[in-house]
Amino acid sequence: MSVMTAFVRAALTLVGLTVGVYLIEVLEGLLTLGQRNWRAVLRLPLARAGQLLRQPDRPPAHADTFLYQSAPFIAVITVGLAALVIPLGPGLIGFDSSVGLFYFIVLLSPFVIAQMNAGWSQNGVVGVLGTFRAAAHLISYEVPLGFAAIGAPMAAASLATGKIVAAQAHLWYVVWQPLGVVIYLVAALFPAFRHPFDGAYAGSELEGGVLAAYGGARLLLLRWALDGIFLLLMALGVVLFFGGWQGPLLPPPVWFAFKTLALAAVVLALSRRVPRLRHDQMLSLAWKILVPASLVNIAIVGVLALFVFGGGA
Amino acid sequence: MTLASIHAAYGVAAALAVLALMLGVAALGIPRLGHPPPPAEPPPEFGGRSGHKSWVQFRLRYAVLALLFVAFDMEMVFMFPWAVAFRAMGLIALADMVVFIVILASAIIFAWKAGAFEWEA
Amino acid sequence: MGAHDLAALAGQQPLVMLVAAPRHADCLLVYEPLNAAFAPAAAELARGLPEGAPVILYRPPDLPALTDETPGATVFPHARRITACTAAALQAAYAQGRSDALPVAAAFPSLRADLVDLPQEHELATEFTVFSLGPAQPFTAGPARFWLICDGEQVVQCRPVMGYAARGIAGQMHGMAWAAAAELAAWYDPLAPVASRLAFVQAVEHLQGITPNAASQGIREQALAVERAHNALWWSVRFLRLLALEPLARRAAQLAMALDAVLAGWTPEPIAAWLAPQRPAPVTTPPDLASLARAVRDLAATVRRDRWLHLRTVGIGQINGAILHSAGVTGSALTASTSGAGDIQARLVARLTMAATTLTALAELAAAPQTTPTVAGRQKDQQADWYVPAGTATGAVAGPRGTLAVDVTSDGGIHPAHVAWHAPSAALLSLVPALLAGQKVADAEMILASLDLVTAEVDG
């Protein structure tokens, strides 16, 4: 593969991500503002991005300049790198790593750490509180998310995302791993800092928390990364449990995009009914409910994979 | 996977990192055209300003949980290769994992009993 | 002060959104009056705006000139002014484009960083975080500052600092003619002008030895009741938004706006015009509120049954009814503790239930036969008699946040000799430090918001 193809693939990944981020913003807008305002909803993300791009970037005085300036870049690059292993269709993948799922889960950590850097660097009380709330996220999501996701490679006998999708040709894993799906989707909201686990941003409670001092293009980059990671987590959910690109009639990428957005819409709509959780409640939820449940899930999936669904790969 | 294809694959990752970096720099550059950078202001803290330092020795209150997390995170890493080989090895792998999970679960129960999941007062 | 107006703004036009940090805002709306204590904080917020974002000033059109006021134009010389606090006016002001001048007057000093004394006793290796919550925070109606001294996420001490909303209303009344003082009284609690004005009017009528007849009294009570329901609904909109329960907040905003719409044509003349001493209330038909009352009752039931809200807030901010009683707290905050669990959710349910009950009672009045309201045989158009005999009297009414009372002393002259207000929020505020100590930062803000403190009435 030439250098040129590598760059073309990378550029296509970023463009695809940006379209996805726009669609996530639109979904959220539709849920918040209602369908009647669809015109405004379609325009709003673009107007907001334009507004932020025109604003100059003002790092606060006495900040840790290197961390402050680099955090949005770390977040964006992490999201972009994670997007490479999401298969949009057979062969339509940034790079088909044999450890794709593992690679994705590992990349979530630098994303959360980028948020912590962003909060710590601005040298403000709200940022520091936000940083340690983000640290609580870091130790909450990874174990249940990884244990829930492991059901799919157990059944597919591969960590390559493309092979996991191919293994679901006859039966989606959601059918016999429903517990895994629920754990995965709840835990996926943690590293994405989505409501109700958005304590590190916390609306008016912390005056923006981790994002408080950011403005202009860096704020845009951080928001892009936040929406992007949520999109990718939903996409990975589709890969692991909902048969990825597979579906009748329509071309695979269309199916994949449709499933991802539908899953995102369901998750966003359900999560709006829950008030923002305090981070110690989030820790309790993760360690007292999700981790034990995910261990049970592994045992169930193990038995089912060997004895019931053993034949059909 | 051959060495060459691994190089190619991570070439895409490198290309993406470079492109994302360039896009970000371009985004930052747009408002700089014609505008001198304005003086910096720290975030205004609800319109009040505390003169106390903000980079403090913060009391986490979930430090024990953080240690537990490190242990479990390692165990999760062990599980991925097991998951791939699980189908091929069959019942033995399952039995192995049951033993592993029982040990993990007992660790959780112990930590729970010992109060690691409680918020430090 | 514009707490309801702001909550309404975000409900009127979906494109008007409240943001958390000034750095993320497109404009800053400053709701006058500002005082000397709050103006530097407002200036600080304006300095935190992104470049080009305009400051927009609004002053309620009927607000009389205040002695302790810092005019907004001296702080923000390039601010745009709107004359109505509506989304359309705000958008029009914003649409004038970027504001390239510096938002704050160059002569206006930068805010000095404040230091508070930290508790000495601290054997741990960690350090205290000092969190200045306010003055411009969304947890109370109006500005107030709460120093939260935290060990990690746990609040060790809370020290309220008031005075950011002080307008010197009682002091200003001493030098005013009685009629003008009655006008100014409505601004004591700007969120409850009817209750504030009526308390003053009652005190004056006591001094003059006048009693309005039952019909007039009844309509005054109706106006009060409507205000209680109105306040409870708009407060719940603000509170549910802080909890980030967007669907419930939207429902509450719909109901609150429906109540506003019903009330717009309720009395033939505005309430302020007839709520004066010796002035009989106009003949009105009580508004049709039966369906609205049912909807509010449904919302209260939904909130009460909400399992997630219960799990999130169980036991947080619990206050004992006896403590509240001895502190002199009245109103829904007390009901929440005497007939409920006394925590955050109980206060939300208590306020919504109060609104529903009030609206139901009003709806039943619509069926009752009407009599003509009079006050001591006076006619509607007769000039008021402003001779107030010497003496002291107290007017007390059931306001939205509990009993609002005012002591008025007259020496028989043309000015009130002494006016002293008793604010329901002040009693609750005295409990705040004890209530917040030992709570987590994330809860502290919820607890503050659940108390429905109006800082203007505390500061006077």
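Here is a short chat about a pocket and a salt bridge in this predicted model.

Modeller: Quick ground rules: this is a predicted model, where local features need pLDDT of at least 70, side-chain atom pairs count only at pLDDT 80 or more, and totals for chains, interfaces and linings use all residues. Residues are numbered from 1 along each chain as its sequence is written, chains are lettered from A in the order in which they are written, and side-chain values use heavy atoms, with hydrogens and water left out.

Colleague: Which helix of chain C gives the most to the lining of the second largest pocket?

Modeller: A pocket here is an open set of points on a 1 Å grid over the protein atoms alone, where a 1.4 Å probe fits, with protein on both sides within 12 Å along at least five of seven lines; lining residues have an atom within 4 Å of a point. Helices are DSSP runs (H or I, at least four residues), numbered from the N terminus. Several in chain C supply at least two lining residues each, including helix 1 (3-12) and helix 7 (193-208). The top contributor, with 5 residues, is helix 8.

Colleague: Which domains of chain C does that pocket lie between?

Modeller: Domain bounds come from an automatic or database domain assignment. Both domains give residues to the lining, so the pocket lies between domain 1 (3-94) and domain 2 (169-459).

Colleague: What does Asp198(A) form a salt bridge with?

Modeller: A salt bridge is a side-chain nitrogen of Lys or Arg within 4 Å of a carboxyl oxygen of Asp or Glu. For Asp198(A), the closest N and O atoms are 2.9 Å apart, and the partner is Arg276(A).
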